[in-house]
Protein chains: 2
Amino acid sequence: MHINDLETPVVLIDQDILDRNLRGMADYCASHRIALRPHTKTHKIPEIGRLQVQYGSAGITVAKVSEAEVMADAGISDIVVVYPVWGESKWRRLAELAKRIRIAVAMDSLLVAEGISRAAKTAGVEVGVRLEFDTGLRRCGLPVEAASIEIARRIMALPNLRWEGVSVYPGHIMGNRTTRGVDIPLENSRYDRLFEMLDAAGIPYPIVSGGNTPAAYQSHLFHGINEIRPGTYVFNDRNTVDAESASYADCAATVLTTVVSTSVSNRAIIDAGSKTLAADRLGSGDKMHFGYVVDHPDFALEALTEEHGHLAVPEDSHVRVGDRLRIIPNHICPCINLHDSVYVVCGDRVVKRWKVAGRGMVI
Amino acid sequence: MHINDLETPVVLIDQDILDRNLRGMADYCASHRIALRPHTKTHKIPEIGRLQVQYGSAGITVAKVSEAEVMADAGISDIVVVYPVWGESKWRRLAELAKRIRIAVAMDSLLVAEGISRAAKTAGVEVGVRLEFDTGLRRCGLPVEAASIEIARRIMALPNLRWEGVSVYPGHIMGNRTTRGVDIPLENSRYDRLFEMLDAAGIPYPIVSGGNTPAAYQSHLFHGINEIRPGTYVFNDRNTVDAESASYADCAATVLTTVVSTSVSNRAIIDAGSKTLAADRLGSGDKMHFGYVVDHPDFALEALTEEHGHLAVPEDSHVRVGDRLRIIPNHICPCINLHDSVYVVCGDRVVKRWKVAGRGMVI
């Protein structure tokens with residue numbers, strides 16, 4: 001089937017670019033002896049999760065228990081939930097997962113650890129724990145201070161938990177560009193202090209897990225990091241290009257769209273709006289546009305309403321109703337999460353369809 | 001079941017507020033003899049579509065053919081697709097729908113009308129057409145000028161189409177607030193010119209369809225409008241409150257969330273991010289926040305990452321991990337589209353679950 005036989009809007013995954021991205025990250029990690037545990041929230045597609053494991057990943061990362069269930073059902077046997085899982089029902093589900101796969105959770109409070117410990121004890125299983133420290137993003141993570149080391153000690157003493165080490169998320173470090181004036185040497189001073197405090201308290205940290213996509217290929221520069229959890233690298237997007245950690249030629253996922261209206265002067269409307277592309281602004285830099293139009297850098301995706309993408313086009317663009325355009329979204333992760341399935345393409349040929357089995361798994 | 005027995009994050013629909021919103025708009029339209037054809041893109045829930053018809057709607061509106069199919073399957077028999085439907089396959093699907101329900105399309109090009117006409121002729125059915133004019137939003141819609149009247153004349157002459165009139169979308173007029181300095185009198189001058197040109201050309205316009213939620217209750221002030229297509233009014237959201245066309249007490253849909261981390265000073269992290277609430281900024285006014293925290297106007301939802309909502313909280317907030325908070329999203333339409341189902345509540349009691357059957361229907 002030719003891609004022009006597909007109805008639009010539809011997500012296309014370029015098989016060759018995906019493969020290159022998967023291999024590139026696996027090779028980098030292997031050469032630096034860093035474990036790769038990709039965050040599958042980007043794709044939510046079991047087939048890609050299995051490819052990541054085939055290419056040497058230590059296992060995978062997810063954000064939610066329901067995502068872990070989908071990936072476990074697909075045969076992935078080593079999963080870390082990098083999220084402070086809360087609530088009796090979710091703790092029970094975690095313990096159920098621990099009966100069939102190796103599972104761990106990154107959290108930042110004793111309360112969460114106690115809940116998981118109780119559920120694991122009841123089920124007669126062991127759940128891995130990693131303690132999250134905040135190293136600058138100010139999202140989750142304990143501060144690097146004495147009280148936090150005491151929490152680590154108390155978590156280590158809880159029954160049915162397997163202490164695995166520490167987790168950080170340098171989500172504020174953007175590849176070759178840095179935001180908020182934060183750079184790797186500054187980050188390292190925080191890591192060094194954390195390791196000093198853990199050493200002084202006699203707390204081991206066999207795993208130091210970090211890593212986002214924009215800074216992934218600089219992971220060996222972060223002191224002590226021996227595992228990374230990049231997500232977006234499988235597809236890349238306008239954000240990773242903006243952070244100078246990929247080029248548009250590295251973007252494996254595009255949204256194929258059709259021009260449906262050219263009635264308004266200097267405008268073309270495509271059949272992909274915020275319910276197809278997601279409304280995320282760019283993480284840094286240009287805040288005004290909502291995607292990149294492949295082969296048409298002179299078209300600006302200025303606005304998204306729910307089902308309309310508003311392109312500003314030059315006077316002489318000759319764009320017509322029925323024309324097809326491919327869009328690289330600002331942020332591919334929430335975009336994929338809007339679609340029930342994606343089509344894998346090789347050039348202009350559609351080679352298969354993958355279900356986004358983890359779509360909408362918010363629990 | 002009590003709402004606290006639900007796992008979070010989850011969308012709650014307050015039955016009483018929904019009912020009041022449905023009745024309020026139906027009563028307004030009845031008293032002004034304006035036909036109500038609600039846009040079901042907001043809820044995508046057949047049960048609500050049927051309620052809207054029960055409460056006197058002339059039929060419903062959708063944006064995509066696949067949404068029309070879902071609503072037709074649910075027993076709704078009069079649907080307008082307010083979208084320039086493009087492509088052989090979609091035109092065939094429209095014609096199939098015309099075999100079992102009354103269906104019409106609003107479009108703004110001869111090309112789209114010709115495609116629908118051909119498909120309708122092949123199937124031996126009739127499809128209604130409404131010609132869209134741009135009255136200031138600069139999205140879809142022909143300009144109010146002579147060439148557009150000629151397009152209307154040519155569409156009227158096409159076989160198997162049922163000429164119904166004109167469609168406009170005052171999406172730039174925001175209730176009691178106006179954006180871009182546009183107000184109703186200015187809009188009316190454009191409508192008057194359009195009607196003059198249609199009259200001069202002898203083109204009838206039995207239906208003049210307009211209307212968005214923020215300006216819905218001013219619809220009788222728009223010259224000639226005899227049908228409106230509000231969507232958001234069923235639930236309302238932070239946008240409609242910001243436009244002063246609703247209050248927070250009129251917001252029927254909230255997202256129930258749980259605080260999962262309070263490790264970072266003056267922050268609380270909730271388990272609802274952009275994959276739960278949608279990342280839309282406010283249409284006007286405050287561009288910085290991503291939702292309203294019910295009962296906690298001093299909490300600011302400053303940022304969303306995919307699965308984390310970042311709340312700035314006062315020093316003395318006493319917010320704890322495990323606390324539950326209800327959020328009114330900026331824009332409820334893309335939020336609902338992220339969820340497979342919603343729970344209908346009466347006070348704190350869960351009374352039923354509705355499937356979002358039209359979720360993800362982008363084709």
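Domain bounds here come from an automatic or database domain assignment. In this predicted model, local features need pLDDT of at least 70, side-chain atom pairs count only at pLDDT 80 or more, and totals for chains, interfaces and linings use all residues. Residues are numbered from 1 along each chain as its sequence is written, while chains are lettered from A and ligands numbered from 1 in the order in which they are written.

Chain A splits into domain 1 (3-9 + 244-355) and domain 2 (15-235). Their C-alpha centres lie 32 Å apart. Contact between residues requires C-beta atoms, placed from the backbone, within 7 Å. By this criterion, 17 residues of domain 1 of chain A meet 23 residues of domain 2 of chain A. On the domain 1 side, α10 (332-336), β18 (341-346) and β19 (349-355) of chain A each provide at least two residues. Helices (H or I, at least four residues) and strands (E, at least two) are DSSP runs, numbered from the N terminus. That side holds eleven nonpolar, four polar and two charged residues. Ala, Val, Leu, Ile, Met, Phe, Trp, Tyr, Cys and Pro count as nonpolar, Asp, Glu, Lys and Arg as charged, and the others, Gly among them, as polar.

Between chains, 50 residues of chain A are in contact with 50 residues of chain B. Elements of chain A giving two or more residues to this side are α4 (88-98), α5 (110-123), β12 (253-261), β13 (267-270), α9 (274-277) and α10. The chain A side comprises 20 nonpolar, 16 polar and 14 charged residues.

Overall, chain A contains ten helices and 19 strands. Its C-alpha trace spans about 70 × 40 × 35 Å along the principal axes.

Note on methods. Contact = placed C-beta atoms within 7 Å.
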